[in-house]
Amino acid sequence: MQLRFLCVLAIPLVACGGESGGNSTAALQNACEAQSNVPPDLCECVGEESRELSEVELEFVVASLKQDEAAAEAARGKLGITELTRAGMFFLTATQTCAERLSE
């Protein structure tokens, strides 16, 4: 329940779009770019940051961004609490890291 709350916090930062399928860093970048309030260079950086995620963590993040509850639930079931927390917090931490990096 708490982890679902973390995901809800992350979703407004990158409001979901119905972009391309797949669970790659490109799919994550596309989902990020599909929403209007995140600049493309920040989305590109977030895509690069997602390389630190496991395949299943990335699957969860992309599904959450796309508001695909079935896919998010399927991925959630494959993740332990540590991985789920990391995936749930990913956009909060990645967007902050990227914003700092891009402002330098």
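Visitor: Hi! What is the mean pLDDT here?
Guide: Hello! The mean pLDDT of the protein is 79, and 76% of its residues reach 70 or more.

Visitor: Which helix has the lowest mean pLDDT, and which the highest?
Guide: Helix 1, residues 2-10, has the lowest mean at 39. The highest, 95, belongs to helix 5, residues 69-78.

Visitor: Where does pLDDT stay under 50?
Guide: Over residues 1-21. The model has 48 contacts beyond four places in sequence for that stretch. Where pLDDT is low, though, the predicted coordinates should not be read in detail.

Visitor: Is glutamate 49 buried or exposed?
Guide: Glutamate 49 counts as buried, at 17% relative accessibility.

Visitor: What does glutamate 57 pair with?
Guide: Glutamate 57 forms a salt bridge with arginine 86, and the closest N and O atoms are 2.9 Å apart. This pair also links distant parts of the chain: glutamate 57 is in helix 4 (residues 55-65) and arginine 86 in helix 6, 29 residues apart.

Visitor: And how accessible are they?
Guide: Glutamate 57 is buried, with a relative accessible area of 2%. Arginine 86 is partly exposed at 37%.

Visitor: Which residue does arginine 76 meet in a salt bridge?
Guide: Glutamate 73, at 2.3 Å from N to O. Both residues lie in helix 5, three residues apart, about one turn of the helix. An α-helix has 3.6 residues a turn, so residues three or four places apart point the same way. Arginine 76 is buried, with a relative accessible area of 17%, while glutamate 73 is partly exposed at 43%.

Visitor: Switching to the core: how many residues does the largest nonpolar one have?
Guide: The largest nonpolar core has 25 residues. Those with the most contacts inside it are Leu28, Val46, Phe60, Val61, Leu65, Phe90 and Phe91. Helix 2, helix 3, helix 4, helix 5 and helix 6 each supply at least two residues of this core.

Visitor: What does valine 61 touch?
Guide: Leaving aside neighbours within four places in sequence, valine 61 is in contact with Leu28, Leu53, Ala87, Phe90 and Phe91.

Visitor: Why is helix 4 described as largely enclosed by the rest of the structure?
Guide: Because nine of the 11 residues of helix 4 are buried. Among them are Glu57, Glu59 and Ser64, along with Leu58 and Val62. Phenylalanine 60 lies in helix 4 too, and counts as buried at 1% relative accessibility.

Visitor: What comes after helix 4?
Guide: Helix 4 is followed by glutamine 67, whose phi is positive, near 55 degrees. Most residues other than glycine have a negative phi. Glutamine 67 sits in the loop between helix 4 and helix 5 and counts as exposed, at 54% relative accessibility.

Visitor: Back to helix 3. What do its buried residues pack against?
Guide: They pack against helix 2 (25-33) and helix 6. The buried residues of helix 3 are Leu42, Cys43, Cys45, Val46, Gly47 and Glu49.

Visitor: And where is serine 50?
Guide: Serine 50 is in the loop between helix 3 and helix 4, and it is buried, with a relative accessible area of 1%. A polar atom of the serine 50 side chain lies 2.6 Å from the backbone oxygen of glycine 47.

Visitor: Which residues does serine 50 touch beyond four places in sequence?
Guide: Serine 50 touches Thr25, Leu28, Leu58 and Phe90. Leu28 and Phe90 are also among the residues with the most contacts inside the largest nonpolar core.

Methods: Residues are numbered from 1 along each chain as its sequence is written. This is a predicted model: local features need pLDDT of at least 70, side-chain atom pairs count only at pLDDT 80 or more; totals for chains, interfaces and linings use all residues. Side-chain values use heavy atoms; hydrogens and water are left out. pLDDT is the predictor's confidence in each residue, from 0 to 100. Helices (H or I, at least four residues) and strands (E, at least two) are DSSP runs, numbered from the N terminus. Contact means heavy atoms within 4.5 Å. Buried means under 20% relative accessible area, exposed over 50%, partly exposed in between (1.4 Å probe, protein chains only). A salt bridge is a side-chain nitrogen of Lys or Arg within 4 Å of a carboxyl oxygen of Asp or Glu. A polar contact is a pair of N or O atoms within 3.5 Å; within protein, one must be able to donate a hydrogen and the other to accept it, and residues adjacent in sequence count only if both atoms are side-chain atoms. A nonpolar core is a set of buried Ala, Val, Leu, Ile, Met, Phe, Trp, Tyr and Cys residues joined through side-chain atoms within 4.5 Å.
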